[in-house]
Each structure stands twice: as C-alpha cells, then as structure tokens.
Amino acid sequence: MSRIKEKFNQLESKKETALISYIMAGYPSEKATISAVRGLIQGGSDIIELGFPFSDPIADGPTIQMASTESLNGGTKIDNFFSIVKKIRKESNIPLVLMTYTNILYNQTYLKFISRAKQAGIDGLILPDMAIEESKEYVKAAKKIGMDTIFLVSPNTEKDRLKQIIKSASGFLYMVAVFGTTGVQTKIHKYTLDALKNTKIAAKGKIPVGVGFGVSTEKDVQKYVSSGADAVIVGSANIKIIENTPTNKIQTRIATFTKKLKNKTR
Amino acid sequence: MKIGIPKDGRFGEFGGKYIPETLAPAIEELEKNYLQIRNDKNFKKELGRLLIDYAGRPTPIYFAKNLTKTIGGAKIYLKREDLLHGGAHKINNTLGQALLAKRMGKKRIIAETGAGQHGVATAMACASLGLKAEIYMGYVDTLRQKQNVFRMELLGAKVHAVKSGSKTLKDAINEAMRDWITNVDSTYYLLGSAVGPHPYPLMVRDFQAVIGVEIKKQMKKIPNAVIACVGGGSNAIGTFYPLIDTNAKIIGIEAGGKGVKTKLHSAPLTAGKKGVLHGMMTYLMQDNDGQISKTHSISAGLDYPGVGPEHAYLKDENRVEYKAVTDDEVIDAFLILTRTEGIIPALESAHAIAHAIKISKKMKKTESIVVTLSGRGDKDIDIVKEYLAKNVKNKRKI
C-alpha cells in the first residue's frame, strides 16, 4: 500500500480530514526548506507537497511564481531536489508528493524521472499541465514504478471526463477550488461546494478528494472540512510565511500556523 | 505528409494539448466550434470579404529585380504581406479568430504579443468587430516596441506589461493563459502564432494558409525555393502548407541571434530538444533539467524558445529544412533590401531575406525563390539605428 493510501486509511479511522501542505523546494534556500518541512511535521501536517520550480508555471499565481523564480535563481536543480527529499526521508515517513510541470519529467523521460523520484522517497506526483488525454505514457510509467498519479479536476470538469480522470488517478484527486491560479484569495463559492459534492459522488469513496487553490485560513479549512472534503491543500499561505520569516524562525512559525489549520480538520 | 486535421491534435508525435484542467472545457468548446465553422460557407464568405475589403488581400508577389541583380543569382520574389492593413500577416489570423470568437458569443478577447504586431492586429480586428481586447506583452518588449504599445492603446486595447520571467513573448503567453484560466467562461484567447494546445496550431495555420494559396496562384510555375522566417511559425506555416505537396524546396529561417553555438539565440529547431511548453509538445530551448532557456533575437517577434508543432513535424519528416541566420546577417539583409528596393522589412522578415541572399548566389539565374515578407519594418527602425551606432564596422553603414 502506498504511503498516501495508508495515511488516508489511518485518518479515516480517526474521522479526520487530511491537511496537505505545500512548499516550494529551495525557496529561499535548501536549509529553509528543511526547516519548513520540520515545522509542517511538527504542526501535524498529514502529507507534504514539495514544489520543484519550473521556469514557466502557468497554473501558478504571483506568490508561487515568485518562489519558483527565487528557487531557480538560488540554483535549485533536480539533483539538489532529490537530495533534499532523501534528507527528509531520513527523518520522517510522512507521505511526500512532488508538484512540478510536465516538461521537467518529459526532459528525462517519464520512466527515468519517476524511478529517480521513487528512489529518493517521493510517493506521488502532481503535474498541473498534464491533461488526461496526454497522460497514457506517464500513467503507465508511474504504475510500473508504483508512484501515485494525482490528477487535477476543476469545478467545470464534465461528468464523463471526471470519470476518465478518476480511472487514471491514484493517491487522491486534487480539486481546484476556483477558476484561477494558485493563491488567489476569494470567498468560498457555491460552485466550488457543488463541484466538491459532485466529485465526491463520482469518486464513490474509491479515491479521496482534496481541495486546493486559494485555501489559506482556518475558516477556509473548516468550511471545506464541513463540506465533505477528504483533504484540504494549503500552499501560497505557507510561502508567504516563509517569505517574511528569517530562516532560523521558519520551523516554529510554520509549525504554529500548521497546528492551527490541523486543529480544524479533527 | 500533409496533415489536414491532426488526429488527437498531433502532427506526428508533436502537438497535443497539455493544459490545466480548468481550460479543458474551453479548449473542447473551441475545437468543436472551429471544426464546425471550418467548412461553413457563410463564415468563409464573411471572412473572405473582410480579408479583401478590410485587410487588403490579395497581397502582391513582387519580383525584386534590383535585389536579384545585386546578388546575381536566382530570381527573388517577395510575397508582400507587409502591405496588409497593420503592416504584417498577423491580420489574416486575427480576423479569422475574432470572427469565430464573436460567433461563440465571447465578448472579451485576450492575446499575447511579442513585437506588438499580433497585438496591433488583434486590437484592429476587435475594434472593427466590436469586441473588447486586452493584450499581454513582455515588459522588455514594451520598451523596445513602444510605438506598437501606443498603437494598441489608440485602437482601444488595454496593454498589460508582463514583468514575470524573462519579460518577453513566452511570459506574455504564460500570463495570457493565467488570465484565460481565471476568466475561462467570458474570455476568448486569441493566440497569434501556430503554437499552443490543439486546435490553435491548426486554426492559425488554416487562417494563414491564404499566403501560400496565393503564392501558388500568382507564380506562373512552382518556385524552386520558398523561404519564410520562423518564430512560433505562423507566416511560415501559412506559406509552406499549401506547397508541401509540390516539389519546391521549403526553408524556414530561425533567429540565430549571436550564433547558434552561443546560448544567445532563438532557434529551437536548429539547436533545441523535444519538450512540453504552452500546451504543446515540440522542440524547445531548455537546459538539462528541462527549464526553458532565456532566448535572444534582435527581433522581438522571433524571441521565443519554442516553435509550432507542425514545424517540428515537418523538420523530422525532412520535408522542410530549418536554418538559422545571425543578427548581423539580418541587419545586413535589412539594409540591402531597403537600399535596393526601397522596401523596409520587419527584422523578423529580414531573417528570410538574409537566407535568400545566401542561397540565391548558388542557384541558376533561371531559378526562382519566393520569400514571404511577413511585415514591414517601421517598428524596427530605432533598433536598427541603435545597432548601427554600436556596430560602426558594418560595411553598409549609413
């Protein structure tokens, strides 16, 4: 059983919703990333999503774009990324998900990249520009290696398409809460809650549904938890804390923030 | 080898639709609507009328007698897209897509632009069809193409200067895509080159194919060679596509910048590697990690790390030869054409001229070359002036 699946099973037996926390690897430094991860674990995050920067992140809003650029400018390479992952793995068994863009995998071939990721300790992949139509080779490679393929669904994804995506997805489904890029803060729309309901119905309990994009406060978390989400995903809010915190205080501040959010999922 | 409607949006292995899920319904809707109007007589009639009365089609084929004499080789003909309304081939596509957008009931149009030619052509088409236009342009490009920024504004478009990434064309596309993701219901994304997710490469090619169709009609016999510049590759694919099944030698010219052996160029077909960007699989300039490289070209319109998937396919099929010329060669060609023919070409188009000059020398005088002069060079005169001031050794200095 994959670490992600095992985690969701544990949470289900405790009637808890998963808190998935995103940070950008190498932003602003490798040291800061390690501190942030420790803070997330300490604060009770259930799954950690590590971003690997891409030069052209079309699905990301200003906060994560900035973090990507800074990370790349700081010299983050795939080799450093995997060494960060290995360091985390020495300290923790927490499920780790890698979020990046298709070209990063394509460049090395799906099979080669995914096996390296697996070896380093990554459990699942999120590629926001990997459409289901183009995913055959990617999903095949991931299955072969035992890597979860986490697909995005949107409030405007139609029923048949949703079914098709669910067939190829493993780990969890990542439901994009808003029409927009990451980190855009708005009120919680009715269309999002409707979409969550429909996605849950389509998933038939076979795969957990997480909600992300624009989820940043305790109130947001609470709302999605009470609306039946199996997981809530918080990203840009963590990046903002890291942006405004000296490296030696990142662990504590991230832990404090994460703890507050996690409390709303119990 | 000639692909009409690409199956699954693929030209061979290239193309596809690598898009965020939020765009999937919009792309599907676009594809459905486009395939419907593609064969719609009324649509064709309406667009045809606009191309004639508004844009100024057909454009002439001009025998560049003086240039030919100066070079002393094959006869060089120019397909005068520079004479179109707005001064570039871009209007062929913007009228087509704006008309489609209107039929789809979309009121807000967004577009990206490099040199500003596509932005201007979008602003014109939108003004004439009563649509609202917002244009994304890299901050660096807004500085080097100030005149076009003001033209767009005069035409009623809102121009957003994009300050993310390398602040050029690719970042303008990123930002336009983010806008589209955010306003997917109300907004039509009017892409200007033969790039992006399916059906854009198909659509842009179809709307630009009028160039090649006219060349075939206007030339008494099929030319020995056909040349066009390639950034994203819209004027080139429009020129090439109708000539693919003839025996003409077809050559696409990329921006060699300071040389393809340096990193300062925009020539993915000549020196790139396969990858995925902006919704398509194609040749890209990228580093060993798959990060997209910074590009360089003296012409903002060619300053792009990718290329339309149909070009990638035609390269791998060996049907089209892709070469690069350097900034220096481009300036030289710009000056030669200006002096000998009294035609100031866009720096983009001057790439194609530069290669025509190179090969015509080696061809027989009875042979012919058609060069697509994709745009006029008024927008570039400041860049040329600055270049000449810095490179006083240029033998054709003023």
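**Close-up views of a predicted model**

**View 1. Glu134(B) and Lys132(B) form a salt bridge.** Glu134(B) is buried, because its relative accessibility is 8% and the cut-off is under 20%. The model is predicted.

**View 2. Lys323(B) pairs with Glu321(B) in a salt bridge.** Here the N-to-O distance is 3.4 Å. Lys323(B) is partly exposed, at 34% relative accessibility. Glu321(B) is also partly exposed, with a relative accessible area of 27%.

**View 3. A salt-bridge network in chain A joins Lys14(A), Glu16(A), Asp46(A), Lys262(A) and Arg266(A).** These residues are linked through shared partners.

**View 4. Arg266(A) and Glu16(A) form a salt bridge.** Their closest N and O atoms lie 3.7 Å apart. The pair connects distant parts of the chain, 250 residues apart. Arg266(A) sits in the segment after α12 (247-263). Glu16(A) belongs to the loop between α1 (3-14) and β1 (18-24). Arg266(A) is exposed, at 56% relative accessible area. Glu16(A) counts as buried, at 15%. Over all chains, the salt bridges number 45.

**View 5. Five lysines of chain A make a positive surface patch.** The members are Lys159(A), Lys163(A), Lys167(A), Lys204(A) and Lys206(A). Lys163(A) lies in helix α8, residues 159-168. This residue, Lys163(A), is exposed, with a relative accessible area of 51%.

**View 6. Chain B holds 16 helices and 14 strands.** Its C-alpha trace spans about 55 × 45 × 40 Å along the principal axes. Buried residues account for 65% of chain B.

Technical notes. Residues numbered from 1 in each chain as written. Chains lettered and ligands numbered in written order. Predicted model: local features only at pLDDT ≥ 70, side-chain atom pairs only at ≥ 80, totals over all residues. Heavy atoms only, no water. Patch = residues over 30% accessible without salt bridge, like charges linked within 9 Å, V, L, I, M, F, W, Y side chains within 5 Å. Areas by Shrake-Rupley, 256 points an atom, 1.4 Å probe, with all protein chains shown as cover. Salt bridge = Lys/Arg side-chain N within 4 Å of Asp/Glu carboxyl O. Lys, Arg positive; Asp, Glu negative; His and termini not counted. Charge placed at Lys NZ, Arg CZ, Asp CG, Glu CD. Helix = DSSP H or I, 4+ residues; strand = E, 2+ residues; numbered from the N terminus. Buried < 20%, exposed > 50% of the residue type's maximum accessible area, 1.4 Å probe, protein only.
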